[in-house]
Amino acid sequence: MKSLKKVSIFGVTGSIGQSTADLILSDFERFDVCVVSAARSVDKLAEMAISLKAEIAVIADHSLLPRLEELLVNHDIKAMGGEQGLLDAASVPVDITVAAIVGMAGLKPLMVSIENSKAVAIANKEPLVSAGALVLKAAKEAGCKILPVDSEHNAIFQVFDPENKQHIKQIVLTASGGPFREWSREKMSVATVEQAMAHPNWSMGAKISVDSASMMNKALEIIEAYYLFEIEADKINVIIHPQSVAHSMVEYADGSYLAQMGASDMRTPIAYALAWPDRMQTCGERLDITALSKLEFHAPDCERFPALSRAYEVLEKGSWACIALNAANEVAVEAFLKKKIGFLDIMKVIDFVLESCDAKEIDSLEAVILYDEACRDIASNYIQAGLKSKVG
Ligand code: NAD
Ligand code: MG
């Protein structure tokens, strides 16, 4: 008889959150759900809290707390609201927290979860990009195991031998290439939101879908890998693999490539993290290895997708530049989703912010938050000014 694993899920109503809920419901005897949270989808949050038999449901938008309380009135589930509600809920001790909020909004709850969870299954890549060193340091100090959920990092985690780290020649992150893999820059310049969201292999939230189309997602993943695996940037490479079957690989000194393969279904990496160090049956899609006719691997095109080069450039510059890249991207993607700017303008905003902000030593969480806010202001003002800088 296995003991119950106590789980909290931040961002339960999103794509990763729902996949996590599916897995938990498919093996319900194994888990005991503590916290579930969402930004604004209050009805969905209440419904999921009830089906998962959660102890606490938190709605980040405080104005929706009365509605959440009303929906949970006949249930033994505590309703909480606002940023403080998120932080209080993250301070409840659990075995594992699934960090599935999108963007830097997840940073503060993540840091509190690290203090109070034995393990954190992290999908929320943006805090790793902007505060990777601080996140990893806090986890080491608290004795919290960080389990990567992002499919590439989860794949690497499964084949990465920390005992033989000195023999690792390179990490190869695979990328599907996204919906614009074969598009020219001219065609991308008039790409619509719907086209950018139409990922060929994965079904994901809005922000990461746009990031995949610009390949900024892979750029963020290069930085994510740099912090998670504490490996030099020049040992992290990207390869285009349109089938999304090999989710990433590690090359060792003796010439061995170890890869993890599976269906393009996030339930596999989430299940790995949820069950770690054990394994669990998943309710997700399975790879039919006999139906695979070909697996292609190509070098990426950094001219059409400049985001990839930016990842190495910001790593070279320092953590302030990683924060600037991420903050500018979050603001620009939101503006693109609201149809305020074009698809290629996303990169224009990022480059403007990178050129406009000053290098700064970032050594605390407060410094990360302040710098992130300053970069967001530069990005928003630039967008408001119609992408025209006063400086010329
Ligand atoms: P999503 O947009 O589908 O869901 C985001 C969740 O976060 C929702 O529950 C939403 O209510 C909550 N949220 C949003 N803003 C919030 C805020 N300000 N405060 C509190 N909660 C907030 O996103 P997703 O696709 O599930 O992605 C979540 C994270 O996982 C992202 O960082 C993404 O890069 C990463 N990721 C996702 C996938 C995927 O397949 N979807 C794969 C790898 C990594
Ligand atoms: Mg990924």
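**Pocket lining and magnesium site**

User: From which domains does the lining of the second largest pocket draw at least three residues each?
Analyst: This is a predicted model, in which local features need pLDDT of at least 70 and side-chain atom pairs pLDDT 80 or more, while totals for chains, interfaces and linings use all residues. Residues are numbered from 1 along each chain as written, chains are lettered from A and ligands numbered from 1 in written order, and side-chain values use heavy atoms, without hydrogens or water. A pocket is an open set of points on a 1 Å grid over the protein atoms alone, where a 1.4 Å probe fits, with protein on both sides within 12 Å along at least five of seven lines, and lining residues have an atom within 4 Å of a point. By an automatic or database assignment, the two contributors are domain 1 (5–149) and domain 2 (150–264 + 297–303).

User: Which residues coordinate the magnesium ion (ligand 2)?
Analyst: Donors are N, O and S atoms within 2.8 Å of the metal (3.2 Å for Na, K and Ca), and a site may look incomplete since water is not among the atoms. In sequence the donor residues are spaced D-x1-E-x68-E. At 2.0 to 2.2 Å, the magnesium ion is coordinated by D150 (OD), E152 (OE) and E221 (OE).

User: Is H153 buried or exposed?
Analyst: Buried means under 20% relative accessible area, exposed over 50%, and partly exposed in between (1.4 Å probe, protein chains only). H153 touches residues including L173, E221 and F229, not counting residues up to four places away in sequence, where contact means heavy atoms within 4.5 Å. Because its relative accessibility is 0%, H153 counts as buried.
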